[in-house]
Amino acid sequence: MNRSVEFSPNEVFLYFYLLNECNIRGWQNPFEHPNKTIVLATGISEKTVIEVRNRLQQKGLITFESGKKECKIASLLLT
């Protein structure tokens, strides 16, 4: 997919961060992961995390449901 779709550095960073989190959880989907945890772990602002997460979903790499306290990652797709 990387050959046909251009990804920003933040998209790559967040995708691989979520991929690692999924591996840690033994690929149990969905999994909940607060934006604040992502912000602390990556150094990316919460606004940017939300924007990048939306773009990853638009590109078909993840699906998620936003919650009031946490984001539930419904699936993480490898392509």
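**Exercise 1.** Describe in which order the elements of the chain run from the N terminus on.

*Solution.* Begin at the N terminus and follow the chain, whose elements run α-β-α-α-β-β. Counting them by kind then gives three helices and three strands, where helices (H or I, at least four residues) and strands (E, at least two) are DSSP runs, numbered from the N terminus. The model is a predicted one, in which local features need pLDDT of at least 70 and side-chain atom pairs count only at pLDDT 80 or more, while totals for chains, interfaces and linings use all residues. Residues are numbered from 1 along each chain as its sequence is written, and side-chain values use heavy atoms, with hydrogens and water left out.

**Exercise 2.** Work out which residues are linked with Glu11 in a network of salt bridges, and where the partners lie.

*Solution.* Start from the general idea that side chains of opposite charge can pair when their charged atoms come close. A salt bridge here is a side-chain nitrogen of Lys or Arg within 4 Å of a carboxyl oxygen of Asp or Glu, and the structure holds four of them.

Step one: Arg55 and Glu11 meet through their side chains in a salt bridge of 2.7 Å, N to O. This pair links distant parts of the chain, since Arg55 is in helix H3 (residues 46–58) and Glu11 in helix H1, 44 residues apart.

Step two: the side chain of Glu11 also meets that of Lys59 in a salt bridge, at 2.8 Å, N to O. Because Glu11 lies in helix H1 and Lys59 in the loop between H3 and strand S2 (62–66), the pair ties together parts that are 48 residues apart in sequence.

Step three: joining both steps, Glu11, Arg55 and Lys59 form a linked network of salt bridges.

**Exercise 3.** Decide whether Glu11, Arg55 and Lys59 are buried or partly exposed.

*Solution.* Apply the cut-offs: buried means under 20% relative accessible area, exposed over 50%, and partly exposed in between (1.4 Å probe, protein chains only). Glu11, at 2% relative accessibility, is buried, whereas Arg55 is partly exposed at 31%, and Lys59 is partly exposed at 24%.

**Exercise 4.** Find what Glu21 meets in a salt bridge, and which residues it contacts beyond its neighbours in sequence.

*Solution.* Finally, leaving aside neighbours within four places in sequence, Glu21 is in contact (heavy atoms within 4.5 Å) with Phe31 and His33.
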